[in-house]
Structures are given as C-alpha cells and as structure tokens.
Amino acid sequence: MSSTQPLLQPYRLRDDSLANRVVMAPMTRSRARNRELLPTELHAQYYAQRASAGLIISEGVWISPEAVGWHDVPGLFTDEQVAHWKPVTDAVHDAGGVIFAQLWHTGSASHPDFFDGRAPLAPSAVNPGLLAPTPTGRKPTAVPLAMSKRDIQRTITDFARAARNAMAAGFDGVQLQAGFNYLISQFLNPRTNVRTDDYGGPIENRARFLFEIIEAVSASVDLRRVGVKAGPAWSERGEFVAGADALADSEHVIGRLNDYDLSHLLLMGMMADPAAGPLKDLAGDEMFRHFRKLYQGTVIANVGIDQHRGNALLADDLVDLVAYGQAFIANPDLPARFASRAPLAEPKPDLIYGPDVAGYTDYPPLQG
Ligand SMILES: Cc1cc2nc3c(=O)[nH]c(=O)nc-3n(C[C@H](O)[C@H](O)[C@H](O)COP(=O)(O)O)c2cc1C
C-alpha cells in the first residue's frame, strides 16, 4: 500500500508540519528574465504546481549584486524583489506547501561579464577552473579578486539581510548554500582559500566565514528556520576535487552545526562513484550513514535517489527527508506519482534553463 511508504509519511520540521518526506531540491531555472532579477507570475505558478512536496527549497537566490554568477536568477536584495517573491510564497502556501529560499553567492564561480569586466570576489585570487553560465554562454572562470576583511564583513551582512528579506517575503525559512563550488565552499576549500589571516589556514579558520554568517543571520531570523547545504561532495571539477582533508574538514563543519538549533542539513551523496580517492568510503548510502552519526538534527539526503532507495533510506533511519531535483522538473506532482508508483516523466534537457513556460510550467500532473 502506497500510504505505508516512508516517503509519504508526514514529518514535523521544527514548527512546520510537512505533508510528506519528499523535498523538492533547490534548482536554478533561469526564468527571471528581467533586468531587476525579479521573480514573476511564472515562478508562482511553477512553485505552486510543486507544492505537494513536503518541503520546497527554492532555486538559489542572490544575496547581493556581487553574488551573481548565473544568468537570469532572481535576487532577494531589493525591496522590489521582496515584493515580487510575496505572490510566489503566497501561491505555495495557498496550495498547502512549505517553501524555504536558498541563499546563494557564487564567488569565483562567476564571471567578469556580470560585473562590467571586473573580476568577481572570492576568498583568494585563485581561478577555480570552472565554467560560468553567462548570458552569452558558458565561459571559463577568471582569477577573482581576494576579498578584504571589509568585503567579508559586508558579505556576511548581505547574507543576514537576504535571510531577513526572505522572511519578509513570506518564505518559511532559508537554506544557506555552503556546498558544491560556491563562495562558502571556496572558503572551506584549502585549494581556493590560501588566506593567511583568520579566515584561512586550519579548518577552524576556513569555516569561520560560514559560522559568522550563521551568527549574523541568527540576529534577526530564528535559526530553527535556517538550514545549511553542506558536505564533502563537491562538484569534483576544477579546484573542487576532494583532497586528503576533505572528509575531516566536512566532519568539522557538520559537527559544529550541532552547536546551533538549525532547521536541517541538506547532505549530497557523491555525484559519481568515488572508486578511488579520499572519499571512497562514502560511496552510496555510506555518506548518510557516516554523517547521521555526527549530526543530531534533521538530515535531508540528495543526489540520484529513486523512489525505492528513498523509502529504504528512511526505513533504515539514515535520514529524515529525501530531496529530489531532476524528478521534480517534469513531475510537478511527484508525491502523487510515488503514491501510485506511476512512471516518471523525463525533463526536456534543452528547456531546463529557459527561456519561458516551455519545459517549466507545462509539464502536466498525472491526471492531466
Ligand atoms: C537544473 C538544476 C539546477 C540546480 N540548481 C541548484 C541550485 O540552485 N542550488 C543547489 O544547491 N543545487 C542545485 N542543483 C542541484 C540539485 O539541488 C540536486 O542536488 C541535484 O539535481 C541532484 O539531485 P537529483 O539527482 O535528485 O536531481 C541543481 C540541479 C539541477 C538539475
């Protein structure tokens, strides 16, 4: 019986009642095609269509103009953006959903094209060796400008303001993007952070930026409504290939998250099987088994998890919730499909990042 599936059981996430354990993973969809980087009616429709998820984590949203590093992504740094997010969160709530905003700063994973030719800001002047999705296509990243202490303090303030703005816009909480290869990870990664001040060097210092953000956010947002996406599964591209200390560094970071009364940890499994290399022991479910022991709060598992494995991860109590990314693109009513064990529709790859309704809001629900 579908109703006995662990994925379809309700969950109490702090003060929110989630209808099920199926989380919509954060996904950039590049539909904010306006100069002000505002979400639109299309965003409201898109997220409302997916409100049967127990929890939606929004696409990454910019905390400041400096954070930009992907084309046509909405922000949460102007009053106008806050005003335009309100109908989006209202639409999700009217449809019975719960939605958090993911707060994003791309750091060196951006491109000078976004800043009139000026290099983006990052912990150190190290080219991350990635491709940045600019309005005119993917371009190799450049050597960024090393942030001054003033830059760091301003960016921490920007995160805190964006978190406040998210709550003002009606989001139920926020998630800090401290994973993959973006700014917070650039601080955590010893290859992209070669600072010699108290933000570089030992992991205690490299993690300072993240924890100062959490502290700053806590001044105005209840940390029970603040989650963190973190873990050792980086992009495995450019300078973001796990080194010998990657596991110990993540253990340090995730262990210290216990000091805060946070909403959740979103933990990515490995994107590819780490057959050899420093993370080889974290293949498959081992990532979740390992960090389950270390983190005392709600854990959301993600990356390549099908319905069967999601149910198994929950039944084995390795995690509390399971996030689905690509499956939500073409299956707006994913929990209903899981309930009836219906086959899943496939997304149209060419339409993932825009430009309009096609491949965004035109995937029909199961009963069409
Ligand atoms: C189109 C697309 C956009 C994404 N954008 C983001 C993002 O903005 N922030 C983020 O943390 N992860 C992002 N991701 C990663 C997803 O949250 C998720 O980790 C990934 O899709 C793996 O989960 P899945 O196998 O269920 O798709 C994106 C993934 C996809 C496919």
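**Reading a predicted model**

Reader: Let me start with two strands. What do E7 and E8 form, and how many residues lie between them?

Author: E7 and E8 make a hairpin, with two residues between them. Keep in mind that this is a predicted model.

Reader: Which way do strand E7 and strand E8 run, parallel or antiparallel?

Author: Antiparallel. Strand E7 covers residues 131–134 and strand E8 covers residues 137–140. Four bridges join them.

Reader: Now the barrel. Which strands make it up?

Author: Follow the order around: E3-E4-E5-E10-E11-E12-E13-E14. These eight strands make a closed barrel, and the pairing is parallel. From one strand to the next, the twist averages 25°.

Reader: Let me zoom in on one pair. How many bridges join strand E10 to strand E11?

Author: Four. E10 spans residues 173–177, E11 spans residues 226–229, and the two run parallel. Find Gln175 and look across: Gly227 in E11 stands opposite.

Reader: Which helix packs on the sheet there, and which strands are touched?

Author: Helix H3, residues 149–168. H3 touches E5 (99–104), E10 and E11. The direction of H3 makes about 160° with that of E5.

Reader: I also want to read how two helices pack. At what angle do H1 and H2 cross?

Author: Look along the axes. Helix H1 (residues 41–49) and helix H2 (residues 79–94) cross at roughly 25°, and their axes come within 8 Å. Angles under 35 degrees count as roughly parallel, so H1 is roughly parallel to H2. The crossing is right-handed.

Reader: Which residues of H1 and H2 meet?

Author: From H1, look for His43, Ala44, Tyr47 and Ala48. From H2, look for Pro87, Val88, Ala91 and Val92. By class, this contact of H1 with H2 has seven nonpolar residues, one polar and no charged.

Reader: How do H3 and H6 compare: at what angle do they pack, and how far apart are their axes?

Author: The angle is about 45°, with the axes of H3 and helix H6 (residues 208–218) 8 Å apart. H3 and H6 are therefore oblique to each other. Their crossing is right-handed.

Reader: Which residues of H3 and H6 meet?

Author: H3 brings Ile152, Ile156, Thr157, Phe159, Ala160 and Ala163. H6 brings Phe209, Glu212, Ile213, Ala216 and Val217. Sorted by class, the contact of H3 with H6 has nine nonpolar residues, one polar and one charged.

Reader: On to the backbone. What is the general rule for phi and for peptide bonds?

Author: Most residues other than glycine have a negative phi, and most peptide bonds are trans. Now look at Leu37. Its phi is positive, near 55°. Leu37 sits in the loop between strand E3 (22–24) and H1.

Reader: And the bond from Gly354 to Pro355: cis or trans?

Author: Cis, with omega near 10°. To find Pro355, go to the segment after helix H11 (334–340).

Reader: Last, the ligand. Which residues come nearest?

Author: Ala25, Pro26, Gly60, Gly325 and Gln326, out of 18 residues around the ligand.

Reader: Which elements each supply at least two residues of that shell?

Author: Strand E4 (55–62) and helix H10 (326–330).

Reader: How many residues of each class does the shell have?

Author: Eight nonpolar, eight polar and two charged. Note that Gly counts as polar in this sorting.

Note on methods:
Residues are numbered from 1 along each chain as its sequence is written. This is a predicted model: local features need pLDDT of at least 70, side-chain atom pairs count only at pLDDT 80 or more; totals for chains, interfaces and linings use all residues. A residue is near a molecule or strand if its C-beta atom, placed from the backbone, lies within 6 Å of it. Axes are lines fitted to C-alpha atoms, for helices over the stretch in contact, and angles run from 0 to 180 degrees between N-to-C directions. Angles under 35 degrees count as roughly parallel, over 145 as roughly antiparallel, 65 to 115 as roughly perpendicular and the rest as oblique. A crossing is left-handed if the near helix is turned anticlockwise from the far one by less than a right angle, and right-handed if clockwise. Two residues are in contact if their C-beta atoms, placed from the backbone, lie within 7 Å. Two strands pair if DSSP finds at least two bridges between them.
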